[in-house]
Structure formats: C-alpha cells, structure tokens
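Biologist: I have not seen this one before. Can you put it up and take me through some of the details?

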Amino acid sequence: MSNPKSDHKDQASPKTLSLKPNNLLVYVMAVACGMAVANLYYAQPLLHTLAQVFGTSIGTTGLIITMTQLGYVMGLVLIVPLGDLLERRRLITIVTAGTAIGLAGAAMSTSIGIFLLSCLAIGLTAVAAQVLVPFAAVLAEEGQRGAVIGRVMSGLLLGILLARTVSGVIADAYGWQAVFWFATFSMLVQTAVLWKMLPESRGEMRLTYPALIGSILHLLRDEPLLIRRIVYGTLGFAAFSVFWTSLAFLLARPPYNYSDSLIGLFGLLGAAGALSASFAGKLHDKGYTRMGTGLLLSLIMIAFTIMGLFSTHLIAIIIGVILLDVGQQGSHILNQSVIYTLNPAARSRITTAYMTSFFFGGVVGSASSGYVYEMGGWTGVSWLGGAFGAIAFLYWLTDFRTKAK
C-alpha cells in the first residue's frame, strides 16, 4: 500500500519544515485548528434561542448539532483522505473557504430546514482541522511528535471550548445571526493566513480516489490498535456530546434561568481539558499511554455521577464540566498519539478511520441527548452519558498488554 521511499520523501522534503513544539508554525496550525472546529459548536449555547426563533421542539432543535456532526463525518470520509494524495496547503485553504460559505448560509437562514442544510455544509468543510493535525505529525521532529500533536490539539480543543463562550456573548449583544457572520469573516481571514504560512507538502500516495477510500478498510483490518483507540474515542465523544447538547436546556430553566452568554461561559470551564492536551501528549512520549487512558476514561464516569446526583447545585455542574473535559480530551490526545505511530504514509486515512468513528459517536450522543432530556430530564441525560463512559472504561480493562499503547 505504501512505498518506504515515498514515506521518507513525504517527511523530509525540503518543501516542509522540521517542527518542534515551540515553532511559530505549530501555534499557527493550533489556532487554525481551533478556529475551524469552533464552527461545529457555535450553535450549542443558542439551542433554546434557535428553538424559539424557528418554532421547533427541543428534540428537533437538537438535530442542529446532529446535522453539523453528520456533515463532519461525511467530510472525514470524503475529504480528509485526500491529505495523503493531494497538495495539502491547497486542500486546506480551499476547504476553509468552503466553511465560510456554509456559515454565511446559516446567518441568512429563514427556516429550520435551511439552517440544518447550512449546518451540514459547515460540518462537511470544518474537517480542515483534521487535515492540519496529521500534517503537523508529518512535519514534526521524531521523538517530539506527541508534544507537537498535543500543542496543535490544545488549540483545537480551546477552539471547541471558547466557541460556546464567544457565541453566547455575541448572541446576547448582537443577536444569533451575528455569531455566524463573525465566524464567516474569521474563516476568510484564516484562508489567507494559511495560504501564506503553510509550506507546500504533497502526499506521496499514487492511488485513484476510490482506491484511496477503499484502503481505509485495509487499515482497519491490519491495525488492531487503531480499532481499540477508535472504540475509546467513539464512546468518549458520545458521552461528551450527550452533555453539551443538553446543557443549554438545563441551564436555561429553573433553578438557573441563565442567558445565552452565561451558558456560553461554561465553555471556559472546559479549558482544563485543553490544558490537559499537552500533558497527555507528554504521557505518550514517556510511555504511560495505557495507564493514562484508563485514568482519563474513569473521569468521564465520575463526572456524570456527580452531575446526575447534584444537578441543582452549580458547583457540581462546574466540577463535572472540568472532569468530563479533562477525561474526554486527554484520552482523545492519547488515542491520536498512538494511531499516528502506526503507518506514517497513511496518517490522513488513519485520521479518517478514527475521526469518522469518533464523530459518529458524537452524532449518536447529540441525536439521543435532546430526546432523552425531553423524556427523562437531566437524570436521563446523566445516565446516558455515564453509560457511554462506563462501556469505554470496561473495554479498557480488557487490554492486558504490558506495553504502554
């Protein structure tokens, strides 16, 4: 499937750089990842507002997040593998420009149907972040790949968390449409910056597009560690999506009665998860991946237990947000640090295999969360999220290997 000479050329080409964690380009890529993936989450703190604007139920409004994540899954399958085939800088900038078009569509939406289609387009093109992450792995110096990935992922995770805060503040001040116009402008600026800053780097695979997509199935067959990390990531992100989809419904009602901006501020509490990203990358570089994975997955269960038992206590929700973000985001970094060691020539396709499953978990979590909240309230949501975390932890217990993978 790959050529050793091609692998070497892809990593050592003079058109690329040898990245260390503190290189300026690492920070540029981190910010770009954060801004790209933030587009998936701007709507989350606005769900109760959007339900009123479009006159839809809680369950239907929850589909806004589902459509965005479904688009992301489609982009992971159809676009991200091209990072192993095409010139990466051009691919990233074209896809980023496409995100701006989808965001403008959301801003101009006059019905829930148009808004949902725009969300699908936003998700489809926001996968630029998942081309950037394996690109960083290609450029990273040997022995520092985990740290570089952790640094880039810190930016991505901060983008996820800050998106909710920025969205809530802008919506309270200028209305929900201003959120998506702000995001549109951000993506246009990012397109120009990435075109100027990124080095040219072309994937060395010489496959047709259908063969490229088909080769992902061979990776799943040949890499058992990829399968294991997919399970951890899928269940962890399902739990994460269960929480964040229904949090706005919980906080907009008694005893909280919070505004969009206050709900958005809860994203800042998850900054601990982003800060844990670099730490998790270092755990991998030092050989503590398996132990760290188990600890981080256990935090997901603990978070939902606390928030389920004490849902009317603000301090319990705050503690739960922090533990959930640290557990899910940290384990996600360890998953990526492992899978990017498996086949250097196939990093974009490995990303597709992992992240498609990862966001499928998000689709299941977000789609079920709104309806579970409608039927069983916050208690039902806590049981659902905790169950996803518990299954992931139990599966971790079946990993009896002594090596830290």
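Biologist: Is R221 buried or exposed?

Modeller: This is a predicted model. In it, R221 has a relative accessible area of 57%, so R221 counts as exposed, the cut-off being over 50%.

Biologist: What does D222 form with R221?

Modeller: A salt bridge, in which the closest N and O atoms are 2.9 Å apart. D222 has 42% relative accessibility and is therefore partly exposed.

Biologist: How many salt bridges does the count come to?

Modeller: Four. Among them is one between the side chains of D84 and R349, at 2.9 Å from N to O. That pair links distant parts of the chain, 265 residues apart: D84 is in the loop between α4 (58-78) and α5 (88-107), and R349 is in helix α16.

Biologist: Are D84 and R349 buried or exposed?

Modeller: Both D84 and R349 are buried.

Biologist: And D399, which side chain does that one meet in a salt bridge?

Modeller: The side chain of R290, with 3.7 Å from N to O.

Biologist: Why does D399 count as buried?

Modeller: Because its relative accessible area is 2%, and buried means under 20%.

Biologist: Back to α16. At what angle do α11 and α16 pack?

Modeller: About 35 degrees, with the axes of helix α11 (residues 224-251) and helix α16 (residues 347-396) 4 Å apart. The crossing of these two helices is right-handed.

Biologist: Which classes of residue are in the contact of α11 with α16?

Modeller: There are 27 nonpolar residues, 15 polar ones and two charged ones.

Biologist: What about the loop between α11 and α12, which residues are found there?

Modeller: P255 is one of the residues in that loop. A cis peptide bond joins P254 and P255, with omega at about 5 degrees. The loop between α11 and α12 also includes N257. Phi of N257 is near 55 degrees, a positive value in a residue that is not glycine.

Biologist: Now the surface. Which residues make the nonpolar patch?

Modeller: L158, L162, V166, F182, L262, L265 and L268 make a patch of about 510 Å². Two or more of the patch residues come from each of α8 (145-174) and α12 (260-269).

Biologist: Where is L262 placed?

Modeller: L262 is in helix α12. Its relative accessible area is 38%, so L262 is partly exposed.

Methods:
Residues are numbered from 1 along each chain as its sequence is written. This is a predicted model: local features need pLDDT of at least 70, side-chain atom pairs count only at pLDDT 80 or more; totals for chains, interfaces and linings use all residues. Side-chain values use heavy atoms; hydrogens and water are left out. Patches are made of residues with over 30% relative accessible area and no salt bridge: like charges are joined within 9 Å, nonpolar side chains (Val, Leu, Ile, Met, Phe, Trp, Tyr) within 5 Å. Accessible areas come from the Shrake-Rupley method with a 1.4 Å probe; for residues, only the protein chains shown count as cover. Buried means under 20% relative accessible area, exposed over 50%, partly exposed in between (1.4 Å probe, protein chains only). Axes are lines fitted to C-alpha atoms, for helices over the stretch in contact, and angles run from 0 to 180 degrees between N-to-C directions. A crossing is left-handed if the near helix is turned anticlockwise from the far one by less than a right angle, and right-handed if clockwise. Ala, Val, Leu, Ile, Met, Phe, Trp, Tyr, Cys and Pro count as nonpolar, Asp, Glu, Lys and Arg as charged, and the others, Gly among them, as polar.
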